[in-house]
Amino acid sequence: MATIEIVCTQCHGTGVDRDASPEGYGTLCKKCQGTGKTTDELFAGRVDAEDLRFVRFTIHKKDPEKKGGDLLDFRQVDIPYGDFLAGKRPEPKEDDLEKY
Ligand SMILES: [Zn+2]
C-alpha cells in the first residue's frame with residue numbers, strides 16, 4: 001500500500017506542540033518528533049469488509065417542539081452490507097432529522 005507524507009495533525013506542521021505550554025513556549029511534538037509531518041496510507045478505493053453483514057443507521061427524528069431536534073428520539077435501519085456497497089441508504093421519512 002502506498003504511503004504519503006501529511007502535515008502532522010497534532011502540531012499543524014510546526015513540530016512544536018503548544019497545547020500545554022505557557023504563551024510563547026512549546027514542547028516537542030511527540031506525534032511527529034518535531035518533523036512537522038507524519039505518514040498515512042494513500043486512498044486507493046474503498047476496502048471491502050468481508051465479515052460485515054449489515055450497516056446500521058441511527059436516524060434521529062425531528063422534534064416539532066424544539067428547533068434543534070430531540071436526539072433521544074430515533075429509529076434504526078439496518079442495510080445489508082452488499083446493498084450499502086451498491087449505494088443503498090435508508091428511505092427518508094418526513095420527521096427524520098438526518099437525511100442519507
Ligand atoms: Zn507534530
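View 1. You will find glutamine 33 in the loop between strand E3 (27-28) and E4. Although glutamine 33 is not a glycine, its phi is positive, at about 55 degrees. Most residues other than glycine have a negative phi.

A word on conventions: residues are numbered from 1 along each chain, as its sequence is written. Because the model is predicted, local features need pLDDT of at least 70 and side-chain atom pairs count only at pLDDT 80 or more, while totals for chains, interfaces and linings use all residues.

**View 2. Histidine 12 sits in the loop between E1 and strand E2 (16-17).** Helices (H or I, at least four residues) and strands (E, at least two) are DSSP runs, numbered from the N terminus. Histidine 12 is partly exposed, since 13 other C-beta atoms lie within 10 Å.

**View 3. Strand E1 pairs with strand E4.** Here E1 and E4 (residues 37-41) run antiparallel and are joined by five bridges; two strands pair if DSSP finds at least two bridges between them. Look for isoleucine 6, which stands opposite threonine 38 in E4. Of the five residues of E1, the number buried is zero, so E1 lies largely in the open.

**View 4. Threonine 3 belongs to strand E1 (residues 3-7).** Threonine 3 counts as exposed because it has 10 C-beta neighbours inside 10 Å. Which residues does threonine 3 touch, not counting those up to four places away in sequence? They are Thr39, Asp40, Glu41 and Leu42, where contact requires the C-beta atoms of two residues, placed from the backbone, to lie within 7 Å. Phenylalanine 43 is 40 residues from threonine 3 along the chain, and their C-alpha atoms are separated by 9.0 Å.

**View 5. Phenylalanine 57 lies in strand E5 (residues 54-60).** With 16 C-beta neighbours inside 10 Å, phenylalanine 57 is partly exposed. Leaving aside neighbours within four places in sequence, phenylalanine 57 is in contact with Gln76, Val77, Ile79, Pro90 and Tyr100. Arginine 89 is 32 residues away along the chain, with 8.6 Å between its C-alpha atom and that of phenylalanine 57.

**View 6. Stepping back, the protein chain is divided into domain 1 (3-41) and domain 2 (48-100).** These bounds come from an automatic or database domain assignment, and 37 Å separate the two domain centres, taken over C-alpha atoms. The chain has one helix and six strands, in the order β-β-β-β-β-β-α. Its radius of gyration is 21 Å, well over the 13 Å that the globule rule gives for 100 residues, so the chain is more spread out than a compact globule. That radius is taken over C-alpha atoms, and the globule rule is 2.2 Å times the number of residues to the power 0.38. Taken along the principal axes, the C-alpha atoms fill a box of roughly 50 × 40 × 15 Å. Buried residues make up 4% of the 100 residues.

Terms used: Buried ≥ 20, exposed ≤ 12 C-beta atoms within 10 Å, placed from the backbone.
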